[in-house]
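Please keep the sequence and the model in view while reading.

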Amino acid sequence: MSLSPLATARKAALDAIQPASPLRVPLLDALGRFLAQDVVASRSLPGCPVSAMDGYAVRAEDTSGSNRDRPARLRVVDTVYAGHLPSRSLLPGEASRIFTGAPLPEGSNAIVRQEATVVPAEGLVDICVSVPPGKDIRPTGEDLLAGTPLLRAGQRIDASMLGVLASLGDSHVLVRPLPRVAVLATGDELVPPGSPALPHQVYESNLILVAALAREAGALVVAQERARDDDEVLRSALRRLASGAEVLVTTGGASVGDKDRVKGLLAGLGASFLVDGVALKPGKPVAVARLGTTTVVVLPGNPGAATVAFDQFARPLLLRFQGVSEERQRVRARLDDGRHKQAGFTYLISGTLETREDGQVWARIRSQGAGQHLQNIGAEGHAVLPPGRADFAEGDEVDFERFDRPRFLPVVL
Ligand SMILES: Nc1nc2c(c(=O)[nH]1)N[C@H]1C(S)=C(S)[C@@H](COP(=O)(O)OP(=O)(O)OC[C@H]3O[C@@H](n4cnc5c(N)ncnc54)[C@H](O)[C@@H]3O)O[C@H]1N2
Ligand code: MOO
């Protein structure tokens, strides 16, 4: 098996995926999905000048010099509620009772809060402050002017964006369909969590791990199954699960052991391999194949290796299906521990970042066996030990790719 460099393998896998055609969904269904359109403000917010307070709309000049001792007395000629239009415009000496969010009457240019007024008799108001023009008025477009570019394709939709879209009058938004993902864990030694297991048996943990990672990547998990290392059982599970999903992720049986037959069985079913083995640690045995219209990602069984291989192949593929690629922040950091590695490989070592007193940024890398996955709890990213070099000493500077604050960019075909 000749191993592809990580970047070449990723490109081969991703180039084969076409983003799905966009569809319009009700706003709440779009939460967590990726926008498939740019959004330009279709109206101004607010749409016309409105009052920011409950009180009186006035002509500012009518309040000039007013205070508690010498209030200006105005005639109240109208009442305006939010969502209603004023019935008339203001003339000198007049005021309109007005409430928060209500449109300003013609002729008025300021609001007096009701706390600064006294009502001496019905139809009259005493204004006890002097207000400048514009006071407590929200002008047209104060929040947003019509025509302003607002959101761009590829952004992940959150609650605030949905609120703004609704403010613009949108009930639906354009997103991509969710890729349906089926997960198959293989291995005779596996026992489902919740049942008793003997010491030589292994609790099956990849189904939940992979399903959760798939969901984090926006996918819809439609099946999670466990299968024995039996050719007939595996073949029929592969065929069946692939037929109901855009992406099938398998774990285990990916390497060269006697019972590692997932790749061979896929080939026998007619799958064509885009990737088969990558110069990546952990995750070396990862493969990506096409079986009919389904993309199959074959992950190694070791949970630590499965996590990294998922992150490097399944996640970008699921995102691309949804029309986006992910750009992660990279920072330079010093390794807090040395590593010897295979020179031709990329090593991805999960860890956390620490800024020391002298301002230098260090990557705390943890012990990382392919079978371990404890190191991924709380990891902030991974240190990237690139190919072309075998030895890294404590204090050497490398790229640290952060998991938080990703940027999602629209796929350009
Ligand atoms: N002679 C060689 N042996 C191995 C090589 C190699 O190149 N030559 N590659 C090694 C590498 S790298 C990896 S990674 C592993 C992965 O191999 P498999 O994908 O075939 O994984 P399995 O053998 O099925 O399982 C490995 C390990 O992980 C445990 N496991 C598997 N599935 C689950 C699950 N669903 N939940 C929890 N744990 C699981 C399994 O019990 C094993 O301990 O191969 C190396 N070998
Ligand atoms: O993928 Mo294996 O995890 O390289 O050790």
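Which residue in S21 is the bridge partner of Ala289? The bridge partner of Ala289 in S21 is Val296. Before the surroundings of this pair are described, some conventions are needed. The model is a predicted one, in which local features need pLDDT of at least 70 and side-chain atom pairs count only at pLDDT 80 or more, while totals for chains, interfaces and linings use all residues. Residues are numbered from 1 along each chain as its sequence is written, and chains are lettered from A and ligands numbered from 1 in the order in which they are written.

Strands (E, at least two residues) and helices (H or I, at least four residues) are DSSP runs, numbered from the N terminus. Two strands are said to pair if DSSP finds at least two bridges between them. S20 pairs with strand S21 (residues 294–299) in the antiparallel sense, over five bridges. The hairpin of these strands, S20 and S21, has two residues between them, and Gly292 there takes a positive phi near 60°. S20 (residues 287–291) is also joined by four bridges to strand S18 (residues 272–276), and the two run antiparallel. In that pairing, Asp276 stands opposite Ala287 in S20. The loop between strand S19 (280–281) and S20 holds Pro282, and the peptide bond joining Lys281 and Pro282 is cis, with omega about -15°.

Elsewhere in the chain, an open sheet of six strands has the order S7-S4-S6-S5-S9-S8, with mixed pairing. Its edge strands, each pairing on one side only, are strand S7 (110–113) and strand S8 (117–118). Within this sheet order, strand S5 (residues 72–80) and strand S9 (residues 124–127) run antiparallel and are joined by four bridges. Leu74 stands opposite Val125 in S9.

Two loops deserve attention for their backbone geometry. Most residues other than glycine have a negative phi, and most peptide bonds are trans. Asp136 is not a glycine, yet has a positive phi of about 55°; Asp136 lies in the loop between S9 and strand S10 (137–138). A cis peptide bond, with omega about -10°, joins Leu45 and Pro46. Pro46 belongs to the loop between strand S2 (39–40) and strand S3 (50–51).

What surrounds ligand 1? The surroundings comprise 26 residues, and the closest are Asn206, Gly252, Ala254, Ser255 and Gly301; a residue is counted as near if its C-beta atom, placed from the backbone, lies within 6 Å of the molecule. This shell has 11 nonpolar, 11 polar and four charged residues. In that classification, Ala, Val, Leu, Ile, Met, Phe, Trp, Tyr, Cys and Pro count as nonpolar, Asp, Glu, Lys and Arg as charged, and the others, Gly among them, as polar.

The whole protein chain has six helices and 30 strands. The domain assignment, which is automatic or from a database, gives domain 1 (6–21 + 177–322), domain 2 (25–43 + 145–175), domain 3 (50–138) and domain 4 (330–410). The centres of domain 1 and domain 3, taken over C-alpha atoms, are separated by 68 Å. An unreviewed UniProt entry annotates residues 182–320 as "domain: MoaB/Mog". The span 182–320 is 35% helix and 29% strand, and its end C-alpha atoms lie 17 Å apart.

Finally, the C-alpha atoms of the protein chain fill a box of roughly 95 × 55 × 45 Å along the principal axes. The mean pLDDT (the predictor's confidence in each residue, from 0 to 100) is 95 for the protein chain, and 99% of its residues reach 70 or more. For the complex, the predictor gives an ipTM of 0.97 and a pTM of 0.90.

How values were computed. UniProt positions renumbered as here; feature names shortened; annotations may be inferred.
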